[in-house]
Amino acid sequence: MEQRIYLDHAAAMPVHPGVARFCRQFPEGFAGNPSTLYQEGLEAQEAIFRAREKVAALIGANAPDSIIFTSGATESNNIAIRGTALRNQRAGKAVVLSAIEHISVLNPAKDLQKSGFVLTLVPVDRYGTIDLDALGAVTPETVVTSVHYANNEIGTIEPIREVAEIVHDRGGLLHVDATDAAGRIPIDVERDGIDLLTLSGNQLGGPDGVGALYIRPGVRVQPVLVGGGQERGLRPGTENVFGIACMGEAARLAGEEMPEESRRLRAIRDRLIAGITEIEEAYLTGHPTERLPHHASFRFSRIEGESIQLAMNMLGIAVATGSACTSRTLEASHVLLAIGLAHDEAHGSMIATLGRGNNVDQVPRIVEATRETVKRLRAITPL
Ligand code: PMP
């Protein structure tokens, strides 16, 4: 029986062995509430502080205090969008997003419309790159603009520095969802001009259920949940000390290994793209060069993405179709529609996101499995 090949690291990353080792060092029975002043509590505070430093270092943030820990990217995005818009609404009631943001950015922004905010979606080109001219939609009334660092479905990296310049020229704040980009390409909130930045613990090689939000010192944000004063009052509730400490170590290791690991994954990605785009009526989606090093995404005409996922699974390969968070709905991906695909074209997508367990030797088997799958599905399709 051939070994399975896992190609869905954007949906769930296995915990990095170095992170697992670090987590095991946590003393058994460790029980310190960081809000207390006795030794156990101080140790917990210290563990969180170290994690703040490590996460801050990964994204070039000068002050560790500018990092707050959350339960994941979805919560960070909610605080960034809702919390910033509601806190600053006296300055204006408009929010601007790229048309291909993740639903955890899109939905909080849509929800703000019920409170009288005006939402504008800025179009992208056929590669998924934001239309910088259309960013003229940002006006002095725009309290928050959100453009992700890179897209999870098509891998395209956005020109964040240019976006930041435009947003700041108009006096606005820029939030960047870096869930898929952090740890894979260099990010520097100072160089890039980012005011708020979302991170996911799992996407750095840490555990699920923990994330972070960078908030530039001086930027005013109100909490989404209300309760105790933890995380500067922005994320009340007893901290997930263990998860936070493990996320910190994941951030440190991801930063350390990024140059070498990105080069390694980029080489596999390029072979995969070369092999799969040779299949008849198979096309790369997203940008051919400005794309995440671990990300290869395709579309095949006259096929359903869900059947590709099931058929590839039977051949021992785990791939994604659409965004894992929405693929069960069978709706066409808003990302693929935004890059100009028709509804039927937007259904036949396959996404391969690479990680530590992948190597170049797997490429021929993946390409052959894809070819066989596409051929078989086309033979039986009613489309
Ligand atoms: N933002 C982006 C860009 C994502 O790709 C994802 C999911 N992988 C999220 C936010 C949400 O992450 P989570 O489900 O961990 O909250």
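Trainee: Which residue has a polar side-chain atom 3.5 Å from a nitrogen atom of the ligand?

Mentor: This is a predicted model, in which local features need pLDDT of at least 70, side-chain atom pairs count only at pLDDT 80 or more, and totals for chains, interfaces and linings use all residues. Residues are numbered from 1 along each chain as its sequence is written, and side-chain values use heavy atoms, with hydrogens and water left out. With a polar contact taken as a pair of N or O atoms within 3.5 Å, the residue whose polar side-chain atom lies 3.5 Å from a ligand nitrogen is Thr-179.

Trainee: What share of the ligand's exposed area does the protein bury?

Mentor: Accessible areas come from the Shrake-Rupley method with a 1.4 Å probe. Taken alone, the ligand exposes 400 Å², and the share of this that the protein buries is 79%.

Trainee: Which helix gives the most residues to the shell around the ligand?

Mentor: The surrounding residues, each with a heavy atom within 4 Å of the ligand, include Ala-73, Thr-74 and Asn-77. A polar side-chain atom of Thr-74 lies 2.6 Å from a ligand oxygen. Helices being DSSP runs of H or I with at least four residues, the one that gives the most, with 3 residues, is α3 (residues 73–87).

Trainee: Which residue in β8 is the bridge partner of Thr-70?

Mentor: Strands are DSSP runs of E with at least two residues, and two of them pair if DSSP finds at least two bridges between them. Strand β2 (residues 67–70) pairs with β8 (residues 211–215) in the antiparallel sense over 4 bridges. Within β8, the partner of Thr-70 is Gly-211.

Terms used
A polar contact is a pair of N or O atoms within 3.5 Å; within protein, one must be able to donate a hydrogen and the other to accept it, and residues adjacent in sequence count only if both atoms are side-chain atoms.
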